[in-house]
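Hi there,

Here is the structure I promised to pass on to you. Have a look at it first, and then read on for what turned up in it.

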Amino acid sequence: MRCGGLSGPNSNVDASGCHRKKTCGRNQPLRKLKVYMYDLPPEFHFRLLGWKGKTNQTWPNVDSHSRIPPYPGGLNLQHSVEYWLTLDLLASNIPKVGAAVRVQNSSQADIVFVPFFSSLSYNRHSKLHGKEKVSVNRMLQSRLLQFLMARDEWKRFGGKDHLIVAHHPNSMLQVRKKLGSAMFVLADFGRYPVEIANLGKDIIAPYKHVVRTIPSGESAQFDHRPILMHFQGSIYRKDGGAIRQELYYLLKDEKDVHFTFGSYRGDRIKKAGQGMASSKFCLNIAGDTPSSNRLFDAIASQCVPVIISDDIELPFEDVLDYSEFCVFVRASDAVKKGYLLYLLRGIKKDQWTMLWERLKEIAPHFEYRYPSQPGDAVDMVWEAVLRQKSAVQCRHHRKHRYARSEALLKRI
């Protein structure tokens with residue numbers, strides 16, 4: 001098998017490609033990812049949620065939903081990946097079906113997990129308050145760096161077997177370069193140099209959608225979606241997001257197009273979800289970064305996504321064929337007058353229905369849940385880590401094929 005291939009005895013994907021099935025990798029029980037999690041002090045994770053705990057208590061009791069500190073709502077939720085993965089590991093002693101299991105000995109682990117809620121730290125604690133000279137976010141990053149550099153687990157492989165969640169594009173900003181040997185869980189690579197983050201070692205995880213999930217049985221069919229295409233969000237963006245402004249002026253006066261400025265505050269999240277659920281197509285246009293939560297809101301709304309972002313990297317694309325449930329449009333084509341309208345109006349009912357049916361099938365793969373369920377977003381992220389870990393290990397073995405024989409030769 002080639003390094004990075006998807007088939008093999010420990011793979012959750014068969015050679016034919018599991019994306020042709022309703023659920024990936026569920027034909028037979030396969031080995032779980034063994035994860036060692038550092039017992040970092042609570043200020044790195046659940047205390048950021050206001051959890052106090054008892055003296056010397058590191059983790060909350062996760063046996064009961066009522067005891068689990070809730071994650072802040074609104075747009076905070078979209079980068080909450082760290083929270084769901086940590087909860088899943090804390091619950092690994094509870095009988096469940098999942099792709100990862102927590103181990104207590106780091107020498108037995110495939111991956112060492114760093115439970116720092118970095119996105120929440122950035123969102124809530126990156127600004128100075130009162131007489132602070134250093135923000136809480138910057139202080140926590142500095143302390144985390146000191147902690148990791150002193151650990152034997154980090155020194156063993158230079159951090160290459162560590163997993164750090166930095167899903168918000170501005171999270172871990174002060175230390176990401178020094179921790180770049182680790183495997184990152186990211187939203188995209190938009191604000192990372194290629195030597196720090198790339199598909200060769202890192203994982204792209206879906207945003208947590210913020211609109212209501214439309215149950216499959218309630219999803220409106222073609223004739224009951226009066227809006228052709230929907231976009232609601234910030235229109236005036238910098239860098240690659242300038243295309244939003246161009247599209248706005250091309251489309252704003254079309255009767256069957258909803259293209260408006262709108263933030264996700266208050267009841268606007270609910271209204272955005274209702275608009276998506278009433279639309280045939282939902283536009284996912286590059287903003288300040290190549291990705292946005294809008295794609296995953298569209299999937300939850302079962303509105304066929306139209307992806308206009310040339311540099312986007314997509315979660316689980318090694319096992320999911322996005323062309324089966326999304327429409328891709330090059331940015332240079334999208335800004336041609338009439339192009340997008342001609343393309344989408346030309347997609348007939350039966351063609352749209354095929355995309356929509358597949359969209360309903362894959363939608364559970366993008367749902368973060370606790371407890372996690374087979375094939376949900378938590379499960380899919382762990383499986384992606386296992387595949388990436390296997391590919392990295394394969395490349396390492398290939399690189400060192402001749403090392404042992406060369407060492408033996410020196411002794412002769």
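Strand β10 (residues 304–308) pairs with β11 in the parallel sense, over two bridges. If you look for I307, its bridge partner in β11 is F328. Please keep in mind that this is a predicted model.

These two strands belong to an open sheet of five strands, in the order β8-β7-β9-β10-β11, with parallel pairing. Which strands stand at the edges? They are β8 (257–261) and β11 (327–328); each has a single partner strand, so one side of each is left without a neighbour in the sheet.

Helices pack on this sheet too. Helix α5 (residues 242–251) touches β7, β8, β9 (279–285) and β10, and its direction makes about 130° with that of β8. Helix α6 (residues 268–277) touches β7 and β9, with its direction at about 155° to that of β7.

The structure holds one cavity of 30 Å³ or more, and about 40 Å³ of space lies in the largest cavity. Its lining includes A187, Y207, F296 and E313. By class, the lining has nine nonpolar, two polar and one charged residues.

Leaving out residues up to four places away in sequence, S216 touches Q302 and K360. The C-alpha atoms of S216 and A300 are separated by 9.7 Å, although the two are 84 residues apart along the chain.

Enjoy exploring!

Note on methods: Residues are numbered from 1 along each chain as its sequence is written. This is a predicted model: local features need pLDDT of at least 70, side-chain atom pairs count only at pLDDT 80 or more; totals for chains, interfaces and linings use all residues. Side-chain values use heavy atoms; hydrogens and water are left out. On a 1 Å grid over the protein atoms alone, a cavity is a set of points where a 1.4 Å probe fits but cannot get out, and a pocket is an open set with protein on both sides within 12 Å along at least five of seven lines; lining residues have an atom within 4 Å of a point. Grid points are joined across faces, edges and corners, and a volume is the space filled by probe spheres set on the points. Ala, Val, Leu, Ile, Met, Phe, Trp, Tyr, Cys and Pro count as nonpolar, Asp, Glu, Lys and Arg as charged, and the others, Gly among them, as polar. Contact means heavy atoms within 4.5 Å. Two strands pair if DSSP finds at least two bridges between them. Helices (H or I, at least four residues) and strands (E, at least two) are DSSP runs, numbered from the N terminus. Axes are lines fitted to C-alpha atoms, for helices over the stretch in contact, and angles run from 0 to 180 degrees between N-to-C directions.
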